[in-house]
Amino acid sequence: MTFGSTSAFSRTASDYAATVAPALVPVAAAVVRRANLRPGETVLDVGTGTGTGARLALGEGRRVIGLDGAEGMLEIARNEVPEAEFIEADFTMIPLEDGSVDVLLAVHALLFAADRVATLAEWLRVTAPGGRISLSVPGPGNVAPSAVLGSVYDRYGIDWKPSDYPDTVELAGWARAAGWTDAATDADPTTGIQLDGEDAFRTWLRVARFSTDWPPERIDAFARDLMAASPRGADGSFRLPFGAQYLTARRPL
């Protein structure tokens with residue numbers, strides 16, 4: 001199972017803003033905190049989505065740039081974070097000069113790249129010598145949504161990859177292979193997506209984009225089976241496990 005394409009993310013941007021973006025606020029805050037931002041730096045937030053990381057990086061005279069391939073996401077980001085600059089582009093081919101940013105941030109974005117090492121190398125290219133990266137990815141696999149929903153995915157023929165989530169050792173290895181140094185990692189397996197009830201769950205499901213051609217009755221049955229398998233609080237809310245793993249590293253001088 002994978003989340004949708006860039007065009008799908010653009011179409012479901014308002015649903016993402018209502019469900020996934022709030023869950024990522026504490027993750028983005030941790031990514032920004034680990035970056036140890038300094039006054040006057042240029043900060044690039046790749047895969048910015050609705051601009052959460054960019055917003056948290058503002059202040060102290062910093063130039064903050066958010067980059068995303070989904071125009072629908074950027075439309076929200078520009079309204080929510082007017083103080084930042086936003087660029088519509090693929091984060092595997094960033095339209096910035098070599099060494100043009102001091103710090104690169106990425107909140108749960110890296111795993112959307114097919115080649116993670118090559119993508120980290122591209123992120124290295126645009127970072128200045130001595131500059132820094134701070135990012136998060138979901139996982140590890142035993143706390144990803146598939147940990148509790150995998151049996152439902154199987155029943156509906158959803159193609160999901162339990163091994164697609166790295167652990168912190170693999171994450172650091174990708175960074176070193178891309179040319180980053182001083183890689184350090186941390187993890188918080190308690191991170192999750194809080195959904196207030198069934199309507200919010202169905203909104204989140206539109207973001208996940210499991211299928212675009214199922215008839216409505218199959219989508220409804222799938223949603224009901226997913227909800228039945230999901231952890232649920234006494235107040236009726238759902239909490240989908242997601243996890244957060246963090247990496248910081250530096251571009252060599």
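Which residues form one aromatic cluster? Phe9, Tyr16 and Phe112 do, where rings of Phe, Tyr and Trp (its six-membered ring) pair if their centres lie within 6.5 Å, with planes under 30 degrees apart counting as stacked, over 60 as edge-to-face and the rest as tilted. This is a predicted model, in which local features need pLDDT of at least 70 and side-chain atom pairs count only at pLDDT 80 or more, while totals for chains, interfaces and linings use all residues. Residues are numbered from 1 along each chain as its sequence is written, and side-chain values use heavy atoms, with hydrogens and water left out.

**Aromatic pairs**
- The structure holds eight aromatic pairs; in one of them, the rings of tyrosine 156 and phenylalanine 222 are tilted, with centres 4.9 Å apart and planes at 55°.
- Tyrosine 156 is buried at a relative accessible area of 13%, and phenylalanine 222 is buried at 2% (buried means under 20% relative accessible area, exposed over 50%, partly exposed in between, with a 1.4 Å probe and protein chains only).
- Phenylalanine 201 and tryptophan 204 form an edge-to-face pair, 5.4 Å centre to centre with 70° between the planes; phenylalanine 201 is buried at 0% relative accessibility, as is tryptophan 204 at 1%.

**Charges over rings**
- Arginine 34 lies over the face of tyrosine 246, at 4.1 Å from the ring centre (NZ of Lys or CZ of Arg must be within 6 Å of the ring centre and within 35 degrees of the ring normal).
- The charged end of arginine 218 sits over the ring of tryptophan 214, 4.5 Å from its centre.
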